[in-house]
Amino acid sequence: MFKPFEYTDDNGDFVGIDVDLLAAIAEDQGFTYDLNSVGWDSAIAACQAGQADGMIAGASITDERRASGWIFSDGYYQATQCMTVAADSDIAGFGDLAGKTVAVKTGTQGAAYAESLKDEYGFDIVYMDDSPTMYQTVTGGQAVACFEDTPIMAASIKSGDLPLRIVEGSENEGAPYGFAVFSADEQELIDLFNAGLKSIRENGVYDEILAAYLG
């Protein structure tokens, strides 16, 4: 669940920006595919083992990931990370975190952002396996804040009716999301994705998909 990029709707259908972008790109470029919804770690493992050809999962394009064998498409969405606190919290910025506990999701850009601020602002970090647990840690008071991708956080607050708020001005510069493969043998898939992405940006389909989920 990574709303609004990929999630199951009320009808039980798998939907989201990533899902619709991939469908539009495949139609534009004339290829077919099977889409399986698995967890983040499972998706990476399946690609590395050759059981899947590629993954689209709100994966930020970073030098670290490239160095460890990820091969990315062109970026398809520029995502920042932000700090979120309880709706009634008096925390107004990073300076209010000293001596307090912050929750993050293991292996994410949100976690990396928190880790980069930890020593400067003197807070502790606890690691969670998924976003809902991370949010519950903040709403339940076990942590005073969490770090998450800004569009995910905004959508979760809006749709989940969570008593949380994004701290104004807490966003980082961010990084683009990319479609990823893990073998040079899959370069053709990256080329198809890039060509299709360019095409749907030019013909307006890309903007229509984003508008449907982000307004």
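This is a predicted model: local features need pLDDT of at least 70, side-chain atom pairs count only at pLDDT 80 or more; totals for chains, interfaces and linings use all residues.
Trainee: Why is leucine 21 called buried?

Mentor: The cut-off for buried is under 20% relative accessible area. Leucine 21 has 0% relative accessibility, so leucine 21 counts as buried. This residue lies in helix α1.

Trainee: How far is leucine 21 from phenylalanine 94, in sequence and in space?

Mentor: The two are 73 residues apart in sequence. From C-alpha to C-alpha, they are 35 Å apart in space.

Trainee: What makes strand β5 mostly covered?

Mentor: β5 runs over residues 81-86, and six of its six residues are buried.

Trainee: What about β8, how many of its residues are buried?

Mentor: Five of the five residues in β8 are buried, and the strand is mostly covered.

Trainee: How do you know that β5 and β8 pair?

Mentor: Pairing needs at least two bridges between two strands. β5 and β8 have five bridges, in the antiparallel sense, so they count as paired. One of the bridges joins cysteine 82 to glutamate 148 in β8. Another joins methionine 83 to phenylalanine 147 in β8.

Trainee: What makes up the largest nonpolar core?

Mentor: The largest nonpolar core has 36 residues, and those touching the most other members are Tyr76, Tyr77, Tyr177, Phe179 and Phe193. Elements that each supply at least two residues of this core include α1 (17-29), β4 (77-79) and α7 (187-203). The largest share, six residues, comes from α1. At least three residues of this core come from each of domain 1 (7-77 + 174-214) and domain 2 (81-166).

Trainee: Which residues are in the second core?

Mentor: The second core is separate and has 16 residues, among them Met83, Val85, Val104 and Ile125. In soluble globular proteins, nonpolar side chains tend to be buried together.

Trainee: How do you know that the largest pocket lies between the domains?

Mentor: Domain 1 and domain 2 both give residues to the lining of the largest pocket, so the pocket lies between them.

Trainee: How much space is in the largest pocket, and what lines it?

Mentor: About 1200 Å³ of space lies in the largest pocket. The lining has 46 residues, and those closest to the centre of the pocket are Val38, Gly39, Ala43, Met55 and Ala57. α2 (40-48) is one of the elements that supply at least two lining residues, and α2 gives the most, with six.

Trainee: How many residues of each class are in that lining?

Mentor: The lining of the largest pocket has 20 nonpolar, 15 polar and eleven charged residues.

Definitions and conventions:
Residues are numbered from 1 along each chain as its sequence is written. Side-chain values use heavy atoms; hydrogens and water are left out. A nonpolar core is a set of buried Ala, Val, Leu, Ile, Met, Phe, Trp, Tyr and Cys residues joined through side-chain atoms within 4.5 Å. Buried means under 20% relative accessible area, exposed over 50%, partly exposed in between (1.4 Å probe, protein chains only). Helices (H or I, at least four residues) and strands (E, at least two) are DSSP runs, numbered from the N terminus. Domain bounds come from an automatic or database domain assignment. On a 1 Å grid over the protein atoms alone, a cavity is a set of points where a 1.4 Å probe fits but cannot get out, and a pocket is an open set with protein on both sides within 12 Å along at least five of seven lines; lining residues have an atom within 4 Å of a point. Grid points are joined across faces, edges and corners, and a volume is the space filled by probe spheres set on the points. Ala, Val, Leu, Ile, Met, Phe, Trp, Tyr, Cys and Pro count as nonpolar, Asp, Glu, Lys and Arg as charged, and the others, Gly among them, as polar.
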